[in-house]
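Okay, thanks for coming, everyone.

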Amino acid sequence: MQDLKFTKNYKNNDTLRNSFFELAASTFDIHFENWYQHGCWGEGYNPFSFVDGDRIVANASVNILELIIQGEKKKAIQIGTVMTHPDYRGKGLSASLMNKILEEYENKYDLMYLFANESVLDFYPKFGFKAVEEHLFSMDFHYKANPVEPASLRKLNVTDAEDLKLIQQFASQRLPVSKRFATDHTPGIFMFYCLNVFSDDIYYLENENVIVIYQKENSNIDLFDVVSLNEINMRDIMNTIADADTEKVTFHFTLDEDKDMDLKSTMTDEGLFVKTHGDILYPVNVKHPITSIA
């Protein structure tokens with residue numbers, strides 16, 4: 001095994017990029033090629049990697065974004081796709097990459113965070129990250145039909161060029177889903193979810209000019225995202241996607257407070273670890289939007 005070299009910013013290097021994609025596929029069953037081909041790898045995404053010859057053998061990716069906390073924008077770094085090829089594990093490569101990221105972005109962020117799986121929960125505290133619990137919100141729902149204007153709901157197809165163009169436009173120009181807590185400048189991560197995770201669950205509400213991502217099973221709706229270019233009324237959105245047998249809606253993001261919505265909060269552990277800078281604090285009783293988890 002020859003000496004490993006550190007590399008980054010190799011988006012335009014076909015050999016290294018394809019090797020990175022192969023490692024992600026074999027490690028996490030994550031497939032980036034279609035996402036890349038559709039131009040979703042933006043400037044805010046940068047993998048930090050070790051390379052052996054022309055093969056990526058370890059990686060930790062940086063996603064540059066903003067967090068919206070009580071209406072204020074905070075600079076954030078989200079780390080994702082932390083992985084090492086089985087032949088190179090046990091050599092401290094992930095720790096070395098974490099140190100390189102911390103060194104490069106020192107004093108350039110308000111919060112740095114990541115979502116870890118159960119096998120590495122004792123790893124990230126070594127770098128100053130602290131575990132943070134999240135809250136999942138839900139509400140009992142009673143459907144109210146609109147007697148004036150019928151709802152117009154169109155399912156979008158990510159393999160259709162016009163539909164995909166519409167989704168990408170909304171992704172790049174959207175408002176944050178909440179002023180209380182949300183992410184901003186995350187079109188690349190959002191498009192990964194559209195292309196790979198929720199490709200069969202994306203709908204356009206023509207009357208509201210809103211894209212929603214949701215699944216309905218029996219009487220329950222899981223609402224994963226509401227993507228809008230303008231202010232929205234969440235009640236109107238729910239009434240459009242629900243039907244007469246809907247009894248419960250679960251929100252996979254944080255909502256702004258609304259006295260007309262009787263929300264229930266359930267604590268959930270998604271493996272979130274946060275490292276803050278200065279006197280900035282990660283908010284309590286919030287849910288990080290699922291469609292911007294790297």
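Let's start with T186, which touches L65 and S292 once you leave aside its neighbours within four places in sequence; contact here means heavy atoms within 4.5 Å. Before I go on, this is a predicted model, so local features need pLDDT of at least 70 and side-chain atom pairs count only at pLDDT 80 or more, while totals for chains, interfaces and linings use all residues. Residues are numbered from 1 along each chain as its sequence is written, and side-chain values use heavy atoms, with hydrogens and water left out.

So, back to T186: is this residue buried or exposed? T186 is buried, because its relative accessible area is 11%. The cut-offs are under 20% relative accessible area for buried, over 50% for exposed, and partly exposed in between, with a 1.4 Å probe and protein chains only. The areas themselves come from the Shrake-Rupley method with a 1.4 Å probe, and for residues just the protein chains shown count as cover.

T186 sits in the loop between strand 8 and helix 5. Helices (H or I, at least four residues) and strands (E, at least two) are DSSP runs, numbered from the N terminus. H185 is in that loop too, between strand 8 (181-184) and helix 5 (187-196). The phi of H185 is near 60 degrees, a positive value in a residue other than glycine. Helix 5 is mostly covered, with eight of its 10 residues buried. The buried ones are G188, I189, F190, M191, F192, Y193, C194 and L195.

There's another positive phi to show you. N218 has one of about 55 degrees, although it is not a glycine. You'll find N218 in the loop between strand 10 (210-217) and strand 11 (220-228). N218 counts as exposed because its relative accessible area is 64%.

Now, salt bridges. The rule is a side-chain nitrogen of Lys or Arg within 4 Å of a carboxyl oxygen of Asp or Glu. How many salt bridges does that give? The count comes to 13.

Let me pick out a few. E206 and R154 meet through their side chains at 3.4 Å, N to O. That pair links distant parts of the chain, 52 residues apart: E206 is in the loop between strand 9 (202-205) and strand 10, and R154 is in strand 7 (residues 153-155). E206 is partly exposed at 38% relative accessibility, and R154 is partly exposed at 32%.

Next, the side chains of K155 and D200 form a salt bridge at 2.9 Å, N to O. K155 is in strand 7 and D200 is in the loop between helix 5 and strand 9, so this pair ties together parts 45 residues apart in sequence. K155 is partly exposed, with a relative accessible area of 40%.

Then there's K216 with D245, at 3.0 Å, N to O. Here K216 lies in strand 10 and D245 in the loop between helix 6 (234-241) and strand 12 (248-251), so the pair ties together parts that are 29 residues apart in sequence. Both ends are partly exposed: K216 at 31% and D245 at 41%. And salt bridges that share partners join R154, D163 and E206 into one network.

Some charges group together instead. Which residues form a negative surface patch? They are E118, E133, D269 and E270. For patches, residues need over 30% relative accessible area and no salt bridge; like charges are joined within 9 Å, and nonpolar side chains (Val, Leu, Ile, Met, Phe, Trp, Tyr) within 5 Å. Lys and Arg count as positive and Asp and Glu as negative, with His and the chain ends not counted. A charge is placed at NZ of Lys, CZ of Arg, CG of Asp or CD of Glu. D269 lies in strand 13 (residues 264-276) and counts as exposed at 61% relative accessibility.

Two more stops. D140 is in strand 6 (residues 130-140) and is partly exposed at 42% relative accessibility. Leaving aside neighbours within four places in sequence, D140 contacts E247, K248 and K264. D140 and N107 are 33 residues apart in sequence and 44 Å apart in space, C-alpha to C-alpha.

Last one: H252, in the loop between strand 12 and strand 13. H252 counts as buried, because its relative accessibility is 13%. Not counting residues up to four places away in sequence, H252 touches L136, D222, L223, F224, K287, H288, P289 and I290.
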